[in-house]
Amino acid sequence: MGKFQAIIEALAAGKVSDIGGGDVKVYAQSLAQSGGTKLLMVKDTPNHTKYILAAGEGPLYDELQGQVEDGAKISPLTHENRLVLNKYFDYTVPRAFGTQIATIGLGDRLGIASPGHIKTVQGRDVRPILAQQSIRELNLTGRDYKQVVDAACYAVFQEGYKDGFGADGDHLKVEADIEMALDLGFTMLTLDCSEKIDNTIEGTSEAEQEAKYAQLPEAVRSHYEARYLNQTFPAAGTAISFDRPTLIKNVLIYGAAIDFMEHIYTTYIKNAARAVDFEISIDETATPTAPESHFFVAKELYSRGLTIYSMAPRFCGEFQKGIDYIGDLEQFEKELIIHAGLADDFGYKLSIHSGSDKFSVFPVIGKYTKGRFHVKTAGTNWLEAVRTVAKVNPSLYRRMHQYALEHFEEATAYYHVSTDLSKIAPLDQVSDADLADTYMNEDNARQLIHITYGILLQAKDAAGNSLFKDEFFRTLSEQEEAYEQSLISHIGKHLDLLGK
């Protein structure tokens, strides 16, 4: 008798809610039917492997790949089988959300966090962007975009979640990557304009800027001067003016980026066969985004016929990874009012990047965006996984922590943090029971672990075996519910403070 036989018999009868235990975990909420085929997600717990069991007959049954056993098909969670699910169950397909509902980006670097994310957002007035990864993150974790979307879709099926989710090609700036993401079904594109924004302008003199501006084609200068020079625009409850120095500075910093945004929009977004939420990222600048710069970029885009989903300016203060906001809260609120007002005037959402753990500013973000925002999180979900490991497998955590210390400098090539390693408690002074609280609740230790995720996941011994990754994933599989509860608590705190 196969280990799935009793479950298969119950599945055929449509009675799975009371089945579980032993070597198989049943995700009863995944039960779905199309035609004469019933499906159910299960996990072979000793092997830490999930499958979809298919019982019955019909096109869905025939199209799923898998091994027939005990009168049913045992289908692995492959990319091909995910596409079959998408064909028969619309709720497993990523979708665009437009500008009228709050969204939260929940970048799942490990491919196992989405069930916890789904449980967190259920019943709240917010929709999850479950698949959200940058090319940098993919390179550091050894994953690809197919795996990212597959994991999100299977999580939605597992949880029976039918309220909709998105997939974000995050911080893309190369056209080949943009085309790939859209071809794979991504429903949101965050365009990283950092390489088109001229950060060398800031700090130069007006005379130097005037000289550089004079080198632009006359048609470009005439275009901008006719639209903005010596004009004042009422916006966001204030007046935004462009004298010559202000206009020149903005054209030099953002002109090429605006042209790039227009090119990507007209080439890919406008011609996409489905709705795509198009986000503009201008947060990679040397200084915070001035109100006139935000207005200038938005006004120019809409004048050219673009429609955007959201824009991410650079705010004052610092939005470092994995810790709360660093900066003047009063100044942040003062500037946020204008940025939120501009987004509201044009009709798109304000986007907050590196938004995880920014608890002190969440209430004002929720207030001044009127609950219409996009907040990106990513690494904090990895940290909650590490917190879970620290609680249940202290030996593994200790080895990972020590390795992270030894390789911290390598990770700073990818992330800007102000971590002070000297303020992190030495491992030999912390008991196993206190590991999670001591390190995952302390800013310097959080950043240490946060930015070394790629190094830790790819670390191998001399024989080429994983130093941490296999044991890490095995531990989280064994502690699936604990990890979910950790995410529900942590991401739930984000949403509570955002008013969702």
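So, one definition before anything else: when I say strand, I mean a DSSP run of E with at least two residues, and the numbering goes from the N terminus. And keep in mind that this is a predicted model.

With that, let's start at His-171, which sits in strand 8, residues 166-172. UniProt, in an unreviewed entry, lists His-171 under "binding site", together with Lys-321 and His-353. What does His-171 touch, leaving aside neighbours within four places in sequence? The contacts are Ser-134, Thr-190, Asp-192, Ser-281, Asp-283, Glu-284 and His-353. Notice that His-353 turns up there, and His-353 is also in that UniProt listing.

Next up, Pro-313. This one is in the loop that runs between strand 13 (310-312) and helix 12 (329-346). Is Pro-313 buried or exposed? Buried: the relative accessible area is 4%, and the cut-off for buried is under 20%. Not counting residues up to four places away in sequence, Pro-313 touches Ile-282, Asp-283, Thr-289, His-294, His-339, Leu-350 and Ser-351.

Okay, on to helix packing, two pairs. Helix 8 (residues 206-214) and helix 10 (residues 244-269) cross at roughly 60°, and their axes come within 10 Å. That angle makes helix 8 oblique to helix 10, and the crossing is left-handed. From helix 8 you've got Glu-206, Gln-209, Glu-210, Lys-212 and Tyr-213 in the contact, and from helix 10 Arg-244, Pro-245, Ile-248, Lys-249, Val-251 and Leu-252. By class, that's five nonpolar, one polar and five charged residues.

The other pair is helix 14 (residues 379-392) with helix 21 (residues 480-497). Here the angle is about 135° and the axes are 9 Å apart. Helix 14 is therefore oblique to helix 21, and this crossing is right-handed. Helix 14 brings Thr-380, Asn-381, Glu-384, Ala-385, Arg-387 and Thr-388, while helix 21 brings Ala-482, Tyr-483, Ser-486, Leu-487, His-490 and Ile-491. How do those residues divide by class? Five are nonpolar, five polar and two charged.

How values were computed: Residues numbered from 1 in each chain as written. Predicted model: local features only at pLDDT ≥ 70, side-chain atom pairs only at ≥ 80, totals over all residues. Heavy atoms only, no water. Axes fitted to C-alpha atoms, helices over the stretch in contact; angles between N-to-C directions. Helix = DSSP H or I, 4+ residues; strand = E, 2+ residues; numbered from the N terminus. Parallel < 35°, antiparallel > 145°, perpendicular 65-115°, else oblique. Left-handed = near helix turned anticlockwise from the far one by under 90°. Contact = heavy atoms within 4.5 Å. Nonpolar A, V, L, I, M, F, W, Y, C, P; charged D, E, K, R; others polar. Buried < 20%, exposed > 50% of the residue type's maximum accessible area, 1.4 Å probe, protein only. UniProt positions renumbered as here; feature names shortened; annotations may be inferred.
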